[in-house]
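Here is a brief report on one chain. It covers contacts, overall dimensions and the sheet.

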Amino acid sequence: MSDDEIVRPNGKVYRSRKGLRWVEWAEEDYPPHGFIVFGTHDEDAARKLVANAPLDCDCKMADAAARAGWIRDGYRWGEREWIEDALHGAAAVILTFECLG
Ligand SMILES: [Zn+2]
């Protein structure tokens, strides 16, 4: 297994075809917000990738909580949403800020 291979919970090997990429996310009615870095479960690589991304608040990159997950684009109750899906999602590191403004 090479470094860029990540194994899904079901044992299948995931390979990123698009390399690392990131999106910003936010909840409409709640303070947390952050970034999803696709294509890796490497927390340090994810933090590096978004280190210079602009923030509209006083959150500091170093304060982001990071966790590995499997995320895909989808819909819930008709709303576009990022959905946890270990079977079909892309490997991702989710960075979350508990935003205070
Ligand atoms: Zn913030």
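## Contacts and burial

Take the contacts in the chain between residues at least 6 apart in sequence: 48% of them join residues at least 24 apart. Two residues are in contact if their C-beta atoms, placed from the backbone, lie within 7 Å.

Buried residues account for 18% of the 101 residues in the chain. A residue is buried if 20 or more other C-beta atoms, placed from the backbone, lie within 10 Å of its own.

## Basis of the model

The model is predicted: local features need pLDDT of at least 70, side-chain atom pairs count only at pLDDT 80 or more, and totals for chains, interfaces and linings use all residues. Residue numbers start from 1 along each chain as its sequence is written.

## Dimensions

The C-alpha atoms fill a box of roughly 40 × 35 × 20 Å along the principal axes.

## Secondary structure and sheet

The chain has one helix and seven strands. Both are DSSP runs, numbered from the N terminus: helices are H or I with at least four residues, strands E with at least two. Their pattern along the sequence is β-β-β-β-α-β-β-β.

Five strands make an open, antiparallel sheet in the order β3-β4-β7-β5-β6. β3 (21–26) and β6 (79–84) are at the edges with a single partner strand each, so one side of each lacks a neighbour in the sheet. Strands pair if DSSP finds at least two bridges between them. β3 and β4 (residues 33–38) pair in the antiparallel sense over six bridges. Arg21 has Phe38 in β4 as its bridge partner.

Methods: A residue is buried if 20 or more other C-beta atoms lie within 10 Å of its own, exposed if 12 or fewer, and partly exposed in between; C-beta atoms are placed from the backbone.
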